[in-house]
Amino acid sequence: MYIKKSIFAGMTLEVEKTYTIKYKSKKVTKSGNINPTPENMKKVNERNAAKKLRWQINTNFRSGDYHLILTYRPEERALNPEEARKDLKRFLEKLRSHYKKMGLALKYVAVAEYGKVSMHFHLVVNGGILPEEINRIWGHGRVGLRVLDDSGDYIKLAAYLIKQTSKTYNDPEKAVFRKRWCSSRNLKKPEIKPEIVKADSWRETPKVPQGYMLIADSVEYGVSEITGYPYQYYRAIKISDKPKKGRREYDKNGIRHTT
């Protein structure tokens, strides 16, 4: 037997198959090359953080929503993390009020990056507000705005946001938040379905549910740095009837390929 965990997040599906001491085939042996050094554990924590963040983004945001970068003018830079936290809080309060006037509820995920001389914020927010209004509401400097694409899969964005926080999120002198990111309370949670599969092994080429296509380069086989047992991991995405502009996608044997 093995454990299969399926995570449904928006248009994406992620599947993790693992063996444990209790649930494993008689043919499966534990690797003796486990090396839980602080550096290895740091890498595991980074991967897990990026994973959880992309589940949240994929579940709650879509094409037309925004990735914002809030920066400071030199003369208006926050002098410390506490001031920066207050600046962001005021911005979110004003932004929430503006959304409410439009009949919308603000949804957001925010991370803070503390550079060599200044800090800035990255946010993912639901669309509906004009860019010039965001500039006016922030008021401390330049606002970068990027519109989310229609892929429904924001794995690269989540990895980038986690990378921005990796050096300072646990530094007491530079951390703006007590965790890697903060978010609004109205975000939906991904649907996580664990199950015990009664089989000695899993398919080499995974089979995904009807209505999904396997992302060809997402399939991973390896040995867990934590348990020492083999695992399989893969990702899939819902089949869309809308063609992607500038790209050609085709389905071969139930696997999505992009050219």
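A search of the whole structure, which is a predicted model, finds 1 cavity of 30 Å³ or more. On a 1 Å grid over the protein atoms alone, a cavity is a set of points where a 1.4 Å probe fits but cannot get out, whereas a pocket is an open set with protein on both sides within 12 Å along at least five of seven lines. Residues with an atom within 4 Å of a point count as lining. Grid points are joined across faces, edges and corners, and the volume is the space filled by probe spheres set on the points. In this predicted model, local features need pLDDT of at least 70 and side-chain atom pairs count only at pLDDT 80 or more, while totals for chains, interfaces and linings use all residues. Residues are numbered from 1 along each chain as its sequence is written, and side-chain values use heavy atoms, with hydrogens and water left out.

The largest cavity has a volume of about 70 Å³. Its lining includes Ala-112, Glu-113 and Tyr-114, together with Thr-165, Thr-168 and Tyr-169, and residues such as Lys-174, Phe-177 and Arg-180. Strand E4 (residues 108–114) gives the most to this lining, with 3 residues. By type, the lining of the largest cavity divides into 6 nonpolar, 2 polar and 4 charged residues. In this count Ala, Val, Leu, Ile, Met, Phe, Trp, Tyr, Cys and Pro are nonpolar, Asp, Glu, Lys and Arg are charged, and the others, Gly among them, are polar.

The largest pocket holds about 830 Å³ of space. It is lined by 28 residues, of which Glu-16, Arg-47, Asn-48, Lys-51 and Tyr-231 are the closest to its centre. Two or more lining residues come from each of strand E1 (2–9), strand E2 (12–18), helix H1 (38–60) and strand E11 (230–238). The largest share, 8 residues, is that of H1. The lining of the largest pocket comprises 11 nonpolar, 6 polar and 11 charged residues.

The chain as a whole contains 4 helices and 13 strands. Helices (H or I, at least four residues) and strands (E, at least two) are DSSP runs, numbered from the N terminus. Taken along the principal axes, the C-alpha atoms fill a box of roughly 65 × 45 × 30 Å. Of the 259 residues in the chain, 44% are buried; buried means under 20% relative accessible area, exposed over 50%, and partly exposed in between (1.4 Å probe, protein chains only). Among contacts (heavy atoms within 4.5 Å) between residues at least 6 apart in sequence, 73% join residues at least 24 apart.

In helix H3 (residues 131–138), the buried residues are Ile-134, Ile-137 and Trp-138. Seen down the axis of H3, these residues fall within an arc of 95°, so they line one face of the helix; the arc is that of the directions from the helix axis to the C-beta atoms. The buried residues of H3 pack against strand E3 (66–70), helix H2 (81–101), strand E5 (119–125) and strand E6 (143–147). Just after H3, Gly-139 takes a positive phi of about 75°.

Strand E3 contains His-67, which is buried at a relative accessible area of 3%. The side chains of His-67 and His-122 are joined by a polar contact of 3.0 Å. A polar contact is a pair of N or O atoms within 3.5 Å; within protein, one must be able to donate a hydrogen and the other to accept it, and residues adjacent in sequence count only if both atoms are side-chain atoms. Beyond four places in sequence, the contacts of His-67 also include Leu-123, Arg-146 and Tyr-160.

Ser-6, in strand E1, is buried at 8% relative accessibility. Tyr-212 and Met-11 are 201 residues apart in sequence and 8.8 Å apart in space, C-alpha to C-alpha. Among the residues that Tyr-212 touches are Phe-8, Met-11 and Ile-237.

Glu-225 is located in the loop between strand E10 (220–223) and E11. Glu-225 is partly exposed, with a relative accessible area of 30%. Not counting residues up to four places away in sequence, Glu-225 touches Ile-34, Val-44 and Arg-47. Its side chain makes a polar contact of 2.7 Å with the side chain of Arg-47.
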